Amino acid sequence: MGEEFLWLDYDDFCSRPEAGIEALGRFLRLDGSDSLDRLPDLIQPPDSIGRFRQFGTRIFDPADVAYVGELGFKTS
């Protein structure tokens with residue numbers, strides 16, 4: 001999608017906010033100011049992260065699950 005698109009995996013961002021904010025800062029061409037350093041403390045992952053695990057993926061076509069895994073998402 002080119003240089004004007006940034007993919008941020010929400011679950012990963014919530015579990016590793018420092019890395020996500022660093023990537024976002026680079027994408028926005030920010031200078032790494034002190035305000036960015038304080039942002040990780042503001043990230044509060046919701047309780048709903050990972051809730052799919054309680055239901056499994058058997059209702060989905062295995063090829064679809066494999067494709068989602070190829071995109072970098074956890075499927076198990």
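Colleague: Is D64 buried, partly exposed or exposed?

Modeller: D64 counts as partly exposed, because its relative accessibility is 48%. The classes run like this: buried is under 20% relative accessible area, exposed is over 50%, and partly exposed lies in between, with a 1.4 Å probe and protein chains only. D64 is found in helix 4. This is a predicted model, where local features need pLDDT of at least 70, side-chain atom pairs count only at pLDDT 80 or more, and totals for chains, interfaces and linings use all residues. Residues are numbered from 1 along each chain as its sequence is written, and side-chain values use heavy atoms, leaving out hydrogens and water.

Colleague: What counts as a helix here?

Modeller: Helices are DSSP runs of H or I with at least four residues, strands are runs of E with at least two, and both are numbered from the N terminus.

Colleague: Which residues of helix 2 are buried?

Modeller: They are P17, G20, I21, A23 and G25. Take two of them. G20 counts as buried at 8% relative accessibility, and A23 does at 16%. The C-alpha atoms of G20 and K74 are separated by 17 Å, the two being 54 residues apart along the chain. For A23 and D11, twelve residues apart along the chain, the C-alpha separation is 15 Å.

Colleague: How should I read a salt bridge?

Modeller: Start with the idea. Side chains of opposite charge can pair when their charged atoms come close. The rule asks for a side-chain nitrogen of Lys or Arg within 4 Å of a carboxyl oxygen of Asp or Glu. By this rule the count is two.

Colleague: Which side chain meets R26 in a salt bridge?

Modeller: E22 does, at 2.9 Å from N to O. Spacing matters here. An α-helix has 3.6 residues a turn, so residues three or four places apart point the same way. R26 and E22 are four residues apart in helix 2, so about one helical turn separates them. R26 counts as exposed, at 54% relative accessibility.

Colleague: What does D12 form a salt bridge with?

Modeller: Its partner is R16, and the closest N and O atoms are 2.9 Å apart. D12 is partly exposed, with a relative accessible area of 32%. R16 is partly exposed too, at 45%.

Colleague: What should I look for in phi?

Modeller: Most residues other than glycine have a negative phi, and most peptide bonds are trans. R29 has a positive phi of about 60° although it is not a glycine. R29 follows helix 2 and is found in the loop between helix 2 and helix 3. At 68% relative accessibility, R29 counts as exposed.

Colleague: Which residues form the nonpolar patch on the surface?

Modeller: L8, L24, L28 and L30 form it, with about 320 Å² of accessible area together. Patch residues have over 30% relative accessible area and no salt bridge; like charges are joined within 9 Å, and nonpolar side chains (Val, Leu, Ile, Met, Phe, Trp, Tyr) within 5 Å. Areas come from the Shrake-Rupley method with a 1.4 Å probe, and for residues only the protein chains shown count as cover. L30 sits in the loop between helix 2 (17-27) and helix 3 (34-38). L30 is partly exposed, at 46% relative accessibility.

Colleague: How much space lies in the largest pocket?

Modeller: About 440 Å³. Of its 18 lining residues, the closest to the centre are D11, F52, F73, K74 and T75. Helix 1 (10-15) and helix 4 (62-70) are the elements that give two or more residues to the lining. A pocket is an open set of points on a 1 Å grid over the protein atoms alone, where a 1.4 Å probe fits, with protein on both sides within 12 Å along at least five of seven lines; lining residues have an atom within 4 Å of a point. Grid points are joined across faces, edges and corners, and the volume is the space filled by probe spheres set on them.
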